[in-house]
Amino acid sequence: LTAAQVTGFGKTDMHENRMESGMMRMREVAEVEVPSGQSVVFEPGGLHLMLSQPDESVSFGTSSLLTLSVRDAAGAVREFSANVAVQSMGMEKHAHH
């Protein structure tokens, strides 16, 4: 998984929460490897998308179009899209899916 974009947001970043030296830390990840035939779960407290720079069309609690860019083993990039719920995490400039 090489990129993600959510309609209505200027920026979509992939993040990962990890325990490091006894503390939970969040860091941005450039890519997420998905082994052939397996899946990866995005969820609070683990891998997640951080959405920022919402435009006026965003209404939290409704859905937006999520587009994922995936590079296959041959190097070809393909895009997949789905409607997803957008949830506010209590911050005006950031949201999570």
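What follows describes a predicted model, beginning with a sheet and moving on to salt bridges.

Strands of a sheet pair through backbone hydrogen bonds, in either a parallel or an antiparallel way. Here an open sheet is built from three strands in the order β1-β5-β6, with antiparallel pairing. Its edge strands are β1 (3–6) and β6 (77–85), each of which pairs on one side only. On average, neighbouring strands of this sheet are turned by 20 degrees against each other, direction ignored. The antiparallel pairing of β5 (residues 63–71) with β6 runs over nine bridges. Within it, Ser 64 stands opposite Val 84 in β6.

Side chains of opposite charge can pair when their charged atoms come close. The model has five salt bridges. Glu 16, Arg 18 and Arg 27 are linked in a network of them. Between Arg 18 and Glu 16, the closest N and O atoms are 3.3 Å apart. Arg 27 meets Glu 16 at 2.8 Å, N to O. Because Arg 27 lies in strand β3 (residues 23–28) and Glu 16 in strand β2 (residues 9–20), this pair ties together parts that are eleven residues apart in sequence. Glu 16 counts as buried, at 15% relative accessibility, whereas Arg 18 is partly exposed at 43% and Arg 27 is partly exposed at 39%.

Another salt bridge joins Glu 31 and Arg 71, with the closest N and O atoms 2.7 Å apart. Glu 31 lies in the loop between β3 and β4 (47–54) and Arg 71 in strand β5, so the pair ties together parts that are 40 residues apart in sequence. Glu 31 is partly exposed, with a relative accessible area of 44%, and Arg 71 is partly exposed at 40%.

Terms used: Residues are numbered from 1 along each chain as its sequence is written. This is a predicted model: local features need pLDDT of at least 70, side-chain atom pairs count only at pLDDT 80 or more; totals for chains, interfaces and linings use all residues. Side-chain values use heavy atoms; hydrogens and water are left out. Two strands pair if DSSP finds at least two bridges between them. Helices (H or I, at least four residues) and strands (E, at least two) are DSSP runs, numbered from the N terminus. Axes are lines fitted to C-alpha atoms, for helices over the stretch in contact, and angles run from 0 to 180 degrees between N-to-C directions. A salt bridge is a side-chain nitrogen of Lys or Arg within 4 Å of a carboxyl oxygen of Asp or Glu. Buried means under 20% relative accessible area, exposed over 50%, partly exposed in between (1.4 Å probe, protein chains only).
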